[in-house]
Amino acid sequence: MAAAVRLLYTGWVWHSELACDARAVRTCGRGAVIALWRRTTDLLRTLPQPARLVLVLRSATTHPPYRLHTWWAQRVNAPAAPGTHPLAGGPASTAGPNLDAAGLSGGH
């Protein structure tokens, strides 16, 4: 019974994480989200193997694998973002209109 509850919990948490990724794709754009997960994966590869293993074991029930995040961001059905979100690392000159387009300007 405890194993079934743990499995259901893991599925629910992973579903929530991937739902956040879908929202990020809609807000920041598919390319920015995929670049983030690829960059994270590349950084993790610089860790020693034992450290990576510990990280994976500690976070497996609360976070899907980074490759699953990338796969999901590539395939999620989301409309194209109106532009690069300012937090996605785009040029600072485009920050104003994108804030308004994303509905983050506070109604101003």
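The lining of the largest pocket is made up of nine nonpolar, four polar and four charged residues. Here Ala, Val, Leu, Ile, Met, Phe, Trp, Tyr, Cys and Pro count as nonpolar, Asp, Glu, Lys and Arg as charged, and the others, Gly among them, as polar. This is a predicted model, in which local features need pLDDT of at least 70 and side-chain atom pairs count only at pLDDT 80 or more, while totals for chains, interfaces and linings use all residues. Residues are numbered from 1 along each chain as its sequence is written, and side-chain values use heavy atoms, with hydrogens and water left out.

Let's stay with the pocket for a moment. Of its 17 lining residues, L44, V56, P65, Y66 and R67 lie nearest the centre. Two or more lining residues come from each of α1, α2, α3 and α4. The space inside is about 420 Å³. A pocket, on a 1 Å grid over the protein atoms alone, is an open set of points where a 1.4 Å probe fits, with protein on both sides within 12 Å along at least five of seven lines; lining residues have an atom within 4 Å of a point. Its volume is the space filled by probe spheres set on the points, which are joined across faces, edges and corners.

Now step back to the whole chain. It has five helices and zero strands, with helices (H or I, at least four residues) and strands (E, at least two) taken as DSSP runs numbered from the N terminus. Of the 108 residues, 19% are buried; buried means under 20% relative accessible area, exposed over 50%, and partly exposed in between, with a 1.4 Å probe and protein chains only.

V33, I34, W37, T41 and L44 are buried in α2. Seen down the axis, these buried residues fall within an arc of 100°, so they line one face of the helix. The arc is taken from the directions from the helix axis to the C-beta atoms. An α-helix has 3.6 residues a turn, so residues three or four places apart point the same way. The face turned away from the buried side of α2 carries the exposed residues G31, R39 and L43.

What do the buried residues of α2 pack against? Their partners are α1 (2-28), α3 (49-59) and α4 (66-75), where contact means heavy atoms within 4.5 Å. In α4, H69, T70 and A73 are buried, and they pack against α1 and α2.
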